[in-house]
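Hi,

Here is the structure I promised to pass on to you. Have a look at it first, and then read on for what turned up.

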Amino acid sequence: MKSAVEAYTWDELAQISDEIGAAGDEAAAIEVAKKYNLCTPEGKLDGTQVKSVTLADGTQTTVQIVGFAHDDKTSGGKAGITFIFGDCVGEAPMNPTDTNAGGWEASQLRAYLNADGMTLLPEDLQKAVAPVDKPTNNVGETQEVSSVTTTSDSLWLFSFAELAGPIPTTELWGGGYEWAADIFNAEGTRYKLFNDTGVIWNDANSVLVKNFQGSPSYWWERSPGPNYSGYFQYVRSGGYPYYGYYAGDSYGVVPGFCI
């Protein structure tokens, strides 16, 4: 049985998204989404709100709804619907070397996603994508919340807090890293799908398991590790969202986008 999302064209979803984005607040946005069967009758997201996508290289994959009226469009107003890819669309390093200097804004992977990455999308989806403003620590190694600034992105990676926030200030990495938790928490808020399915910062959750070439893969978050100049955060293959590792390593790429 196809999901209700599958039955809509990208142009139709873009029109529905405009209606959701104009609803006024998240509660009103969910009521609009319920009207179009884009969530459960109870107004929840459970991971079954998916749509098939064929990429330009022939890859068959899916995208799933993660939130409603969550992201700010660069052009103004709320983007009505945010999606995440169901699996990794490839593997790549964040940067050519083990550095997080300049954060997400200066990363090689961001440059790729907003240029060549967009050309992987089918043309009707490309036309529907709305650039949004994403907050990220765009310094790298830092103890300052002021390092979090916004970039305008069409395709982007999820932040630690968008997957698993809020990050508790007294518990991160065993304590003593309150400043790091403050930085992570400034990088956005947890999406509805991850809230509704019980994702938390320090435990595995099956909704965060993403495959590459048929096997569960580690996959990148856009959050630099503020405690170390070589790290970005990533999700381990079992769905653990709180690890960080070297930016020059190749891990899965799981983009998000808004319409």
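In this predicted model, K35 and E19 form a salt bridge, with 2.8 Å between the closest N and O atoms. The pair links distant parts of the chain: K35 sits in helix α3 (residues 26-35), E19 belongs to helix α2 (residues 10-21), and the two are 16 residues apart. How accessible are the two partners? K35 has a relative accessibility of 53%, and because the cut-off for exposed is over 50%, K35 counts as exposed. E19, with a relative accessible area of 29%, is partly exposed.

The side chains of K34 and E31 meet in a salt bridge, at 3.3 Å from N to O. K34 and E31 are 3 residues apart in helix α3, so about one helical turn separates them. Both ends are partly exposed: K34 has a relative accessibility of 27%, and E31 has 48%.

Now to helix α8 (residues 192-196), where D196 and K192 both lie, 4 residues apart, or about one turn of the helix. Their side chains meet in a salt bridge of 3.0 Å, N to O. K192 comes out at 10% relative accessibility, and since buried means under 20%, K192 counts as buried.

The count of salt bridges comes to 9. You will also find a network of salt bridges, which links D71, K134, E162 and R222.

Next, two residues and their surroundings.

D72 lies in strand β2 (residues 60-72) and is partly exposed, at 39% relative accessibility. Leaving aside residues up to four places away in sequence, D72 touches G77, K78, V132 and D133. With one of these, K78, the side chain of D72 makes a polar contact of 2.9 Å. Another distance to look at is the one between D72 and C258: they are 186 residues apart along the chain, yet 9.5 Å separates their C-alpha atoms.

S159 is placed in the loop between β6 (148-153) and α6 (160-164). Is S159 buried or exposed? S159 is buried, because its relative accessible area is 0%, and buried means under 20%. Again not counting residues up to four places away in sequence, S159 touches E187, E221, R222 and S223. R222 is also part of the salt-bridge network with D71, K134 and E162.

Which residues lie nearest the centre of the largest pocket? They are V89, Y112, L113, L120 and V253, out of 16 residues that line the pocket. Helix α4 (residues 108-119) gives the most to this lining, with 5 residues. By class, the lining of the largest pocket has 13 nonpolar residues, 3 polar ones and no charged residues.

Conventions:
Residues numbered from 1 in each chain as written. Predicted model: local features only at pLDDT ≥ 70, side-chain atom pairs only at ≥ 80, totals over all residues. Heavy atoms only, no water. 1 Å grid on protein atoms, 1.4 Å probe; cavity = no way out; pocket = protein on both sides within 12 Å on 5 of 7 lines; lining within 4 Å. Nonpolar A, V, L, I, M, F, W, Y, C, P; charged D, E, K, R; others polar. Salt bridge = Lys/Arg side-chain N within 4 Å of Asp/Glu carboxyl O. Buried < 20%, exposed > 50% of the residue type's maximum accessible area, 1.4 Å probe, protein only. Contact = heavy atoms within 4.5 Å. Polar contact = N/O pair within 3.5 Å; in protein donor to acceptor, adjacent residues only side chain to side chain.
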